[in-house]
Amino acid sequence: MVAGGRALRGLVRSRLARAVAVDAVLLLACWAQGFTNQTAGWNRPFVLSVLALVAVPLRRWSPEAAVVLGVPALGWAQSTLAPLVVLFTLGERQRRAWVVALLVVASYVITVWPQWDPGMLAANTSAFLTAGVSVAGAVGLGALRRSLGVERRQRRELEEARAAERAAAAASARAEERAHLAREMHDVVAHHVSLIAVQASALQVSTREDSTRAAAATVRELASKAIGELRAVLGVLRSSDGASAVPLAHGLDELPRLVREANAAGRLGVDPRLLPGGGVPVPDAVQGTVYRIVQEGLTNARKHAPGAPVSVTVSLAEEPRGVRVEVVTHLRTTGAGAAPRTALGVGGAGLGLVGLRERAESLGGTVAVEQDDDEHHLRVLLPLQDAAGPS
């Protein structure tokens, strides 16, 4: 029913449908004006009125032929509306001035010819003026409508050109800003992360303690991964539109590795329906956002409650339909010996939660953060219906 209604509205709004409707109304009006008091048959007024009526739809294909066919009714029949309609279309469609002038003069002569009597010029002056005003006025109104249409089209084209110019300027500014950020990230962040990897490698081969060697290996591995992801980010920033580079996509099937690397005591539960082949399609954007949410939750747990067990749950929410992510940090089990954040020397810009909210809200999702004496909860709900539709 909805599709049928849309098709009907499209048909009504189409140019052909509007033309048919307008011509139908015009034919009805011309018939009512010209045929009310006429006698049907092979008499000149009736035949010319019929020809004028035929000229109304004909004017859309050939305004000149329509004028030749319909204007004689102005002089020898009672039909006046149909000839004026075709003269209006002549002024609207015909751009050659000499053609318009020739047909206007011919139409005027045809209109006044039945009343032409050299001895009755003074008496017919009013009729001659009326005929001139009618013929010239109809053509002039048509030309005026054409001029207004041209002006509207030129104004629209100018606005579109200005909008395209503004869009190009904005795109250029964004590209320049991305290039600037890419340079800064490469010169500062990538440089320091590379130094961390080098120092970790040196520590790994120089130390005699197994625990230190293992920690150095972990730091070197994480730094190497950070450099790889940073290069992908730089590729996106340096691309012309920010979309042609390889996307930084992470799937839900990567969550076990993420949790394992981040927290040895972490637990992960993922609804199998959300995994590839599970029956519920999850858009790449949602999967990438879930990955970043879990990553941010694990990072915060390491910074604020080092050593604390973390539980990550990714489930399918039915109402509203979406992906629910919950990261729970169990604070009670951290014990008195756990190192606080300041003791680890781990700082941050404090923008992790802000960025997380921006990611979730860009997909129509919500973020909730709660904490009590025992646990810290990070809950995020990402809708699926907008991106994938209900299944």
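This is a short walk through a predicted model, from the whole chain down to single residues. Local features need pLDDT of at least 70 and side-chain atom pairs count only at pLDDT 80 or more, while totals for chains, interfaces and linings use all residues. Residues are numbered from 1 along each chain as its sequence is written, and side-chain values use heavy atoms, with hydrogens and water left out.

Start with the whole chain. It holds 13 helices and five strands. These are DSSP runs numbered from the N terminus: helices are H or I with at least four residues, strands are E with at least two. Of the 391 residues, 31% count as buried. Buried means under 20% relative accessible area, exposed means over 50%, and partly exposed lies in between, with a 1.4 Å probe and protein chains only. Take contacts between residues at least 6 apart in sequence: 64% of them join residues at least 24 apart. A contact means heavy atoms within 4.5 Å.

Next, the annotated segments. An unreviewed UniProt entry assigns "transmembrane region" to residues 16–35, 65–90, 97–116 and 122–144. UniProt positions follow the numbering used here, feature names are shortened, and annotations may be inferred rather than shown by experiment. Residues 16–35 are 95% helix and 0% strand, and the end C-alpha atoms lie 27 Å apart. Residues 65–90 are 81% helix and 0% strand, with end C-alpha atoms 10 Å apart.

Now look at a helix pair. Two packed helices are described by the angle and the distance between their axes. The axes of H2 (residues 15–34) and H3 come within 10 Å and cross at roughly 165°. H2 is therefore roughly antiparallel to H3. Axes are lines fitted to C-alpha atoms, for helices over the stretch in contact, and angles run from 0 to 180 degrees between N-to-C directions. Angles over 145 degrees count as roughly antiparallel, under 35 as roughly parallel, 65 to 115 as roughly perpendicular, and the rest as oblique. On the H2 side, the contact residues include Asp 23, Leu 26 and Trp 31; on the H3 side, they include Ser 49 and Leu 53.

Stay with H3, which spans residues 44–58 and contains Phe 46. Beyond four places in sequence, Phe 46 touches Phe 35, Gln 38, Thr 39, Ala 40 and Gly 41. Phe 46 and Ala 77 are 31 residues apart in sequence, yet 7.1 Å apart in space, C-alpha to C-alpha.

Finish at Gln 94, in the loop between H6 (81–93) and H7 (97–112). Gln 94 counts as buried because its relative accessibility is 9%. Leaving aside neighbours within four places, its contacts include Thr 89, Val 99 and Arg 146.
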